[in-house]
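Look over the sequence and structure first.

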Amino acid sequence: MIPRIQKRGQRTIGLLSYLYGPGKYEEHTDPHLVASWDHNAPDPGRDPAATLKHLQQLLDQPVENIEEAHRPTKHVWHLSVRNAAEDRILTDQEWGEVARRMVAAAGIDDPELGGGCRWVAVRHADDHIHIIATLVREDGFKPDLDHDAVRVQAQARTLEREMGLRRLTKGDGTAAKRPTSAERHKAERQGRERTAREELRETVRRAVAGARGEDEFFARLASAGLLIRKRSAPSGDLLGYKVALPDDRNKNSEPVFYPGARLAPDLSLPRIRQRWSADNTQSEPQGVQPEALARGGPGAPAAARRTTAAAAWQAVRIIEQGKDAAVAGSIAAAGEVLDALATTSAAHTRRELRDAAFAFERASRSHVRAERGHDQALRQAARDLVHGGPALGRGEDGATTAMAIDMLVFLVTAAVHWHAKKGHAQQAAAARQTAEHLRAAYQNAAAQPLAVLHQRGRRLNRTVLHRQSVVIRDAVPALADQILAEPGWYALAATIADAEAAGRDTAALLSAAVGHRELHSADSISDVLMWRLRHLGELPADASASPANNAVTSPSATRRSVSRPSSPGRTRGEEATGNIR
């Protein structure tokens with residue numbers, strides 16, 4: 001339930017005419033009253049004898065009864081209350097109760113005491129009502145509306161619980177501005193999936209991801225096809241910017257421009273410059289070598305994804321153990337990585353990654369001021385992803401995409417825990433939603449590389465499998481039984497074989513992989529360890545390029561089916577697969 005107090009007005013009749021009219025886009029149906037201050041106000045929607053003028057006169061009567069000098073300049077108070085699309089449709093009686101509770105909470109009227117302001121609640125759609133009140137009480141005094149917005153929000157949370165509606169999380173004022181109803185209707189008419197405001201916000205965030213300065217930032221905006229207006233001081237110094245979609249026009253056929261700060265608080269030019277100033281004060285991060293980042297160059301997308309996996313791994317430690325300001329900076333930079341990864345990934349993962357980046361936008365800001373500096377590895381990873389160019393959905397590109405997503409799931413999960421601990425309800429919810437999208441993207445990205453590893457693991461002879469199982473029992477004795485029972489065990493066994501063939505110390509690699517972070521929260525511990533081993537051991541993420549492809553096979557093993565990958569980051573029960581213990 002979303003209550004929204006609109007701007008105060010001067011003409012009661014004007015607002016009533018809108019509420020009882022067809023609406024700007026003919027969306028109003030059956031407008032009628034569901035509640036009023038005296039339970040007996042005339043209803044022009046249901047009573048043929050009632051008129052809007054009569055209702056307006058009754059509402060304005062307390063205002064007209066006081067001296068003109070004491071009348072408020074803007075005496076019309078307007079509150080809309082909207083339910084979520086998935087909520088059940090409330091009856092008129094239920095909406096009437098909602099209206100009475102809202103005006104009482106706001107300080108407009110107290111149904112038990114009486115003598116408050118006059119008000120009516122109009123319903124012209126299934127999912128919302130409008131409450132209009134005049135801001136003079138029956139006794140001639142003005143109502144106490146201090147913090148009325150906070151009070152109606154609190155009442156909405158109570159009503160959600162009592163009425164079994166979708167329960168929204170409490171905000172902290174750091175969210176980006178929601179699209180207006182006019183913007184939503186315009187998007188529907190134009191056949192857009194998202195409003196112009198949302199499309200611009202997403203495009204600007206992608207342009208910021210990993211950018212090092214104003215020239216690069218504005219060049220990216222221009223290459224994305226946006227119209228740009230810059231605002232400069234008399235001295236010539238750049239103060240701000242506005243952007244517009246070329247085909248988003250107003251009634252005069254002029255482009256509709258949005259300032260960066262109106263898209264999101266952290267997209268104003270001064271806030272973006274804070275990221276660049278941190279870049280300039282830090283030593284050059286160790287990312288992918290410049291020659292490897294020629295757009296479209298061989299190996300660049302895969303190299304950038306390995307950098308991303310390493311940066312995400314480091315960021316998890318900061319989020320779990322660092323100071324709040326450093327944590328906030330790392331979480332904000334993680335949003336840049338998600339934007340860059342969504343922009344450059346293959347088609348079969350792009351939609352889920354785009355949705356993950358879109359959801360994480362809300363999780364990237366809080367009242368904790370971000371300290372820049374500790375986030376440089378993540379910002380460099382975002383830069384590498386952008387300059388590395390688009391990735392293929394197969395081979396090393398596809399496998400390193402799965403590796404990076406696997407690490408990012410743990411980063412986002414750590415962000416969920418940190419936000420929840422700080423009481424950032426909306427941010428924690430957004431991060432949880434992000435993790436779900438990342439898990440879905442992981443399923444798509446990991447299917448092919450894990451299938452190859454799984455088949456190779458099945459072909460390992462019983463002696464090799466037994467040796468690998470002993471290595472696992474030595475490294476993680478408490479979790480060994482679960483790992484050996486997971487479908488991903490064979491992929492992990494093949495990875496251990498690859499590490500041995502490459503001359504790596506498998507015991508040391510496993511110790512490092514296990515010691516980095518707890519594993520109990522993972523859906524598939526074997527998947528997590530497999531990617532960590534391939535990352536730490538600098539093994540090809542694409543197993544078809546690994547050196548251990550000539551392992552001894554078991555004839556019966558090749559006839560077994562290949563399972564789909566498990567999503568990282570969530571607990572799941574064991575699955576019996578007949579693995580060698």
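At what angle do helix 10 and helix 14 pack, and how far apart are their axes?

## The helix pair

This is a predicted model, in which local features need pLDDT of at least 70, side-chain atom pairs count only at pLDDT 80 or more, and totals for chains, interfaces and linings use all residues. Residues are numbered from 1 along each chain as its sequence is written, and side-chain values use heavy atoms, leaving out hydrogens and water.

Helix 10 (residues 300–321) packs against helix 14 (residues 395–422) at about 15 degrees, with the axes 8 Å apart. Helix 10 is therefore roughly parallel to helix 14 (angles under 35 degrees count as such). Axes are lines fitted to C-alpha atoms, for helices over the stretch in contact, and angles run from 0 to 180 degrees between N-to-C directions. Helices (H or I, at least four residues) and strands (E, at least two) are DSSP runs, numbered from the N terminus.

The crossing of helix 10 and helix 14 is left-handed (the near helix is turned anticlockwise from the far one by less than a right angle). The contact of helix 10 with helix 14 has 17 nonpolar, 3 polar and 5 charged residues.

An open sheet holds 5 strands in the order 1-3-5-4-2, with antiparallel pairing. Pairing takes at least two DSSP bridges between two strands. From one strand to the next, the twist averages 25 degrees.

Strand 3 (residues 76–82) and strand 5 (residues 128–137) run antiparallel, joined by 7 bridges. Leu-79 has Ile-131 of strand 5 as its bridge partner.

Methods: Parallel < 35°, antiparallel > 145°, perpendicular 65-115°, else oblique. Nonpolar A, V, L, I, M, F, W, Y, C, P; charged D, E, K, R; others polar.
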